[in-house]
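Okay, thanks for coming, everyone. Let me put the structure up and then walk you through what I found.

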Amino acid sequence: MAINLQKGQRIDLGFTKMTIGLGWDPNDGTGYDFDLDASAIMIDADRKLVSEEYFVFYNNLNSPDGALTHTGDDPSGKNSDGDDDESIMVDLEKVDPRVEEILFVVTIEDFERRRQNFGQVRNSYIRIIDNLSHQEIAKYELDEDFSIETGIEFGRLYKRSGSWKFEASGIGYRADLGFFLEKYYKGQIIK
């Protein structure tokens, strides 16, 4: 039986191969398709991106250590039919030893021009599936009204005392994908 997580709740993980599934249902009648993008940010002890290749998203589907594989972009939000819209497969045994935390964020592409925000999205969630048993282990359903937010940290995997744990985050930002890159990247970003 899966654990229904609340915001801020943490669980221990007793397995290493999993799929992080992210889902959402855009409200109809907004005039545009919703292009929501799931990303994973692999950060070190200084809370900085290990290197730019450790930013896994629709244009970089695999981390260089082989630990993360993004299954691909759903540009309209209509491909899931009630299942995960986007997912990221994780193998914790392959994670680069410099990585202390993996953040899972979802952003709305072109939100300014389309005048979109997470208040127009319902049934948002992040869930963890054990890849060996194919069972859903935990799920966090975001129930807040993110009426101005355009980027949300749904959850994070983090290492403590050598073992991996998961936290349901639910932290919203009025930001795009570039914001998260700037926040965690050590180098200079050329726009």
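Before anything else, a word on labels: helices (H or I, at least four residues) and strands (E, at least two) are DSSP runs, numbered from the N terminus. What you see is a predicted model, where local features need pLDDT of at least 70, side-chain atom pairs count only at pLDDT 80 or more, and totals for chains, interfaces and linings use all residues. Residues are numbered from 1 along each chain as its sequence is written, and side-chain values use heavy atoms, with hydrogens and water left out.

The protein chain has 2 helices and 12 strands. Going from the N terminus, the order is β-β-β-β-β-β-β-β-α-β-β-β-β-α. The radius of gyration is 16 Å, close to the 16 Å that the globule rule gives for 191 residues, so the chain is as compact as a globular protein of that length. That radius is taken over C-alpha atoms, and the rule is 2.2 Å times the number of residues to the power 0.38. The C-alpha atoms fill a box of roughly 45 × 45 × 25 Å along the principal axes.

Now, contacts, meaning heavy atoms within 4.5 Å. Take those between residues at least 6 apart in sequence: 70% of them join residues at least 24 apart.

On to burial. I call a residue buried under 20% relative accessible area, exposed over 50%, and partly exposed in between, with a 1.4 Å probe and protein chains only. By that cut-off, 52% of the 191 residues are buried. The largest nonpolar core has 54 residues, and Leu 13, Ile 102 and Leu 157 have the most contacts inside it. A core here is a set of buried Ala, Val, Leu, Ile, Met, Phe, Trp, Tyr and Cys residues joined through side-chain atoms within 4.5 Å. So what does Ile 102 touch, leaving out residues up to four places away in sequence? Its contacts include Met 42, Leu 68, Val 95, Leu 157 and Trp 164.

Let's do the sheets. Two strands pair if DSSP finds at least two bridges between them. There's an open sheet of 6 strands in the order E2-E12-E11-E8-E4-E5, with antiparallel pairing. Strand E2 (10–12) and E5 are at the edges with a single partner strand each, so one side of each has no neighbour in the sheet. Inside that order, E11 (residues 151–160) and E12 (residues 163–173) are joined by 9 bridges. If you want a spot to look at, Gly 155 has Ala 168 in E12 as its bridge partner.

The loop between E11 and E12 holds Ser 161. Most residues other than glycine have a negative phi. Ser 161, though, has a positive one, near 50°, and it is exposed, with a relative accessible area of 84%. Asp 110 also has a positive phi, near 60°. You'll find Asp 110 in the loop between strand E8 (101–108) and helix H1 (111–114), partly exposed at 29% relative accessible area.

Next, strand E3 (residues 17–26). Is E3 enclosed or open? Well, 8 of its 10 residues are buried, so E3 is largely enclosed by the rest of the structure. E3 pairs antiparallel with strand E7 (residues 86–91) over 6 bridges, and Ile 20 stands opposite Ile 88 there. E3 is also joined to strand E9 (residues 121–130), again antiparallel, by 8 bridges; Thr 19 has Ile 129 as its partner in E9.

Last bit: rings. Rings of Phe, Tyr and Trp (its six-membered ring) pair if their centres lie within 6.5 Å; planes under 30 degrees apart are stacked, over 60 edge-to-face, and the rest tilted. The whole structure has 6 such pairs. Phe 55 and Phe 57 have ring centres 5.2 Å apart and planes at 55°, so they're tilted.

Asn 60 lies in the loop between strand E5 (55–56) and strand E6 (68–70). Its C-alpha is 8.0 Å from that of His 70, 10 residues away along the chain.
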